[in-house]
Amino acid sequence: MATAKTRSRKTRFRLALVLLFAVLLGAAWFAWGTDLRKTGEAGTAYAARVGCSCRFVAGRSLDDCAKDKLEGMELVSLSEDAQAKSVTASIPLIASDTATYREGYGCVLKEWER
């Protein structure tokens, strides 16, 4: 049977590991986060526009359109709003973008904030 002192040591060790992981994750985000976000924004914009065109111009199903993603875009997920005729592409915790079908214009991206 473990003593209170042993349990306390284990708890402190686990807490130290969690804190170390959080610090390393923060350092990695600081080092690569901006580039990762910018790349993610470009990737989701591309996927949203292509997915919207595939779905609402070509008339294919969204599942079929997901097959058109380029190699390396495995993290990008597509979802549709059939009523708004829009497709949203997202990478969890990184970026998201939406393209909407407009008669006479095709699929257009929502304006990016600068």
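Colleague: What is the relative accessible area of Lys85?

Modeller: Lys85 is at 40%, so it counts as partly exposed. Buried means under 20%, exposed over 50%, and partly exposed in between (1.4 Å probe, protein chains only). This is a predicted model, where local features need pLDDT of at least 70, side-chain atom pairs count only at pLDDT 80 or more, and totals for chains, interfaces and linings use all residues. Residues are numbered from 1 along each chain as its sequence is written, and side-chain values use heavy atoms, without hydrogens or water.

Colleague: Where is Lys85 found?

Modeller: In the loop between strand 1 (77-81) and strand 2 (86-91). Helices (H or I, at least four residues) and strands (E, at least two) are DSSP runs, numbered from the N terminus. Lys85 is not a glycine, yet its phi is positive, about 55 degrees.

Colleague: What is the phi of Leu93?

Modeller: Near 65 degrees, again positive in a residue other than glycine. Leu93 lies in the loop between strand 2 and strand 3 (95-102). Its relative accessibility is 85%, so Leu93 is exposed.

Colleague: Is Thr100 buried or exposed?

Modeller: Thr100 is buried, because its relative accessibility is 19%. Thr100 sits in strand 3. Beyond its neighbours within four places in sequence, Thr100 is in contact (heavy atoms within 4.5 Å) with residues including Lys85, Cys52 and Cys107.

Colleague: Which residues make the nonpolar surface patch?

Modeller: Phe13, Leu17, Leu20 and Leu24, over about 420 Å². Patch residues have over 30% relative accessible area and no salt bridge; nonpolar side chains (Val, Leu, Ile, Met, Phe, Trp, Tyr) are joined within 5 Å, like charges within 9 Å. A salt bridge is a side-chain nitrogen of Lys or Arg within 4 Å of a carboxyl oxygen of Asp or Glu. Areas come from the Shrake-Rupley method with a 1.4 Å probe; for residues, only the protein chains shown count as cover. Phe13 belongs to helix 1 (residues 4-57). Phe13 is exposed, at 52% relative accessible area.
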